[in-house]
2 protein chains.
Amino acid sequence: MATMVEVARLAQVSISTVSHVLNGTRNVEPETRSRVVDAIEKTGYRQDALARAMRRSRTESIGLVVSDAGEPAFADMVHGVEDAAVERGLTLVLANSAENPDRERRAVHTLLDRRVDGLILACAAESDPALMVSLREEKTPIVLLDRVFSDLPFDQVGADNRDSMRRLISHLLAAGHRNFVLVAGDVRVPTLRERLEGFTDAIASAGLAPSDQLVLTGTDESAIRAALRGLRGSATAVVAASTPLAALALEELRASGRGIPADIAFATFDGFNHSDLFEPRLTTVRQPAFDMGVAAVRLLVERLASPDSRPRIVRLQQQLELRDSTEGFRPREARE
Amino acid sequence: MATMVEVARLAQVSISTVSHVLNGTRNVEPETRSRVVDAIEKTGYRQDALARAMRRSRTESIGLVVSDAGEPAFADMVHGVEDAAVERGLTLVLANSAENPDRERRAVHTLLDRRVDGLILACAAESDPALMVSLREEKTPIVLLDRVFSDLPFDQVGADNRDSMRRLISHLLAAGHRNFVLVAGDVRVPTLRERLEGFTDAIASAGLAPSDQLVLTGTDESAIRAALRGLRGSATAVVAASTPLAALALEELRASGRGIPADIAFATFDGFNHSDLFEPRLTTVRQPAFDMGVAAVRLLVERLASPDSRPRIVRLQQQLELRDSTEGFRPREARE
DNA sequence: CTGTTAGCGCATTCAT
DNA sequence: ATGAATGCGCTAACAG
């Protein structure tokens with residue numbers, strides 16, 4: 001690879017002139033410039049981003065650590081981040097923590113050591129608190145994505161989970177449902193906790209007895225499965241707080257012979273791709289994952305521009321998509 | 001950030017000793033080493049990957065350019081590449097060409113300028129041939145992913161598209177189908193072209209008249225839609241060559257009131273996530289996208305190790321998942 | 001308007 | 001077993 005030295009020699013100028021025509025960082029006589037441009041052409045010179053980054057202490061790159069690259073929602077966030085980054089001339093360095101705190105810590109440090117200009121972090125479920133604390137000391141700006149920790153002084157992007165759950169439950173209440181099953185999952189994950197809180201809120205403000213509701217929390221998949229399979233009694237609606245939980249719940253409901261929505265109503269957060277092409281068509285609270293990625297980059301870039309402004313938390317609104325899976329319920333009183 | 005100089009001073013050694021204990025690259029007296037280790041601890045020193053890369057001319061990173069980060073299949077490939085990269089201590093730099101040749105070219109050059117040690121490229125549909133040619137001159141190893149150009153001297157990873165299509169059609173032939181609609185899409189994309197070829201092969205070896213088959217090619221979505229909507233006559237099975245094409249076809253079949261599989265059989269390549277939870281359950285040729293990503297990294301690393309060995313093309317097998325959407329067809333003769 | 005020069009932080013060769 | 005010194009390729013003072 002040709003370096004600036006060779007270009008300079010060929011163009012009969014100093015390397016600093018080459019650098020300046022390259023970066024447009026000071027005036028240079030048209031005649032000289034064109035000699036340089038020609039030399040660049042001839043040598044096939046291309047700037048070495050590494051050396052440049054080193055000298056300027058700016059890599060023009062950002063890091064992104066996601067907790068589960070396998071989930072479509074996270075894939076969409078990655079997509080959004082990449083898109084927004086390219087638009088600003090930033091390169092994306094990607095790492096996946098696979099919901100593993102140790103791997104997360106290593107990923108963060110790898111990216112930091114590569115001197116990314118900023119870091120976007122979608123925390124793992126069991127994120128090491130010590131990591132968070134140490135990250136506050138970093139001078140590399142950090143934006144938390146999806147999983148919001150309101151007590152931490154970071155810029156953050158999340159969805160309005162609590163509110164969306166309230167809206168969903170309101171809708172189901174209006175349709176006559178009084179007894180719910182919430183498949184809540186691992187409530188250490190802020191996103192899932194917020195959804196649970198929204199549920200609790202909604203139940204409380206409707207004046208319903210919490211004891212009439214079944215909330216399945218935790219990471220023990222088989223326990224959740226068992227609970228769903230053995231489901232009996234009064235529940236008329238199942239709500240899944242995430243796509244993996246929905247997949248699991250749908251399997252068990254099917255296994256136990258329950259039809260949706262004939263026997264029981266069903267709704268989920270995040271949802272499945274192209275799901276309106278298939279039956280049952282699920283009522284879904286759709287996360288604006290792509291836009292969340294875009295927003296994270298925006299926060300990061302703004303932070304880079306003004307390092308001392310106050311941290312901001314952005315909540316993007318989720319879309320409540322009503323479909324067949326919550327249609328056609330008849331409250332008990334109205335049945336024949 | 002502390003540098004080696006500060007560590008050296010604190011430990012009362014030269015920076016070269018610090019470097020050597022860091023990299024284990026020569027013997028150092030235990031006593032000295034421990035002073036250095038302590039100093040590293042105290043200063044919170046972390047190696048600057050940029051400076052290191054510059055000095056060694058090795059970034060320990062690889063680049064990945066995908067053509068459509070939005071498609072789940074590509075998301076899975078990204079996931080596989082990331083996983084395999086991390087396992088080898090490599091960092092992943094990601095770019096998305098969004099099926100845009102110009103953006104693809106820029107992405108490739110951006111990554112190359114960042115001196116990634118190797119590059120994995122899932123070409124866009126209209127990839128600039130000039131780009132390919134210029135890439136052959138690069139000394140950075142390049143692996144082509146998913147879209148295989150057998151005449152190009154690159155390491156490549158693809159799926160056995162042609163063969164899988166033959167297997168799928170064989171199955172449908174055995175079930176009595178004689179008249180197909182293939183939604184083939186943009187056959188400039190090697191993957192789609194191979195699937196089309198497999199189809200042609202299968203029809204030929206079954207001794208069927210190509211003129212009895214309807215093949216829909218091209219990028220004009222509304223033309224394809226129209227053809228599907230206006231579908232009449234003898235076709236008993238529709239095959240979609242990719243997920244986006246399947247989505248489109250399913251929409252149109254539904255719009256024209258055709259039931260699957262009651263009125264017409266349906267099968268698709270690549271498929272939908274969690275699709276076995278929903279109706280109709282689609283017969284699917286599943287691409288091992290994650291594994292393809294892993295394989296690409298493997299090829300790249302091996303190429304790095306032996307730069308002069310002959311380029312290899314790896315074809316991973318696809319899984320034929322038979323489901324309801326191709327069940328229950330009765331050949332005309334057998335009908336009452 | 002242009003050239004000279006000093007590092008950025010590190011790995012490494014050559015001394016000792 | 002350790003240190004001194006060089007340079008990777010570039011940008012940005014500083015000097016003319």
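Trainee: A polar contact is a pair of N or O atoms within 3.5 Å; within protein, one must be able to donate a hydrogen and the other to accept it, and residues adjacent in sequence count only if both atoms are side-chain atoms. Which backbone lies 3.1 Å from a phosphate oxygen of DNA strand C?

Mentor: A backbone N or O atom of D48(B). This is a predicted model, where local features need pLDDT of at least 70, side-chain atom pairs count only at pLDDT 80 or more, and totals for chains, interfaces and linings use all residues. Residues are numbered from 1 along each chain as its sequence is written, chains are lettered from A and ligands numbered from 1 in the order in which they are written, and side-chain values use heavy atoms, with hydrogens and water left out.

Trainee: Which side chains have an N or O atom by a phosphate oxygen of DNA strand C?

Mentor: T32(A), at 2.3 Å, and Q47(B), at 2.8 Å.

Trainee: And which elements give two or more residues to the surface near DNA strand C?

Mentor: In chain A, α2 (15-23) and α4 (49-56), and in chain B α2 (15-23) and α4 (49-56). Near means a heavy atom within 4 Å; helices (H or I, at least four residues) and strands (E, at least two) are DSSP runs, numbered from the N terminus. α2(B) gives the most, five residues.

Trainee: Backbone next. Where are the cis peptide bonds in chain A?

Mentor: One joins I260(A) and P261(A), omega about 0°, with P261(A) in the loop between α11 (243-255) and β9 (265-269). Another joins E279(A) and P280(A), omega about -10°; P280(A) is in the loop between β9 and β10 (283-286).

Trainee: What is phi of D146(A)?

Mentor: Near 75°, positive although the residue is not glycine. Most residues other than glycine have a negative phi. D146(A) sits in the loop between β4 (142-145) and β5 (155-159) of chain A.

Trainee: Is D146(A) buried or exposed?

Mentor: Buried, at 5% relative accessible area; buried is under 20%, exposed over 50%, partly exposed in between (1.4 Å probe, protein chains only). D146(B) also has a positive phi, about 75°, and is buried at 5%.
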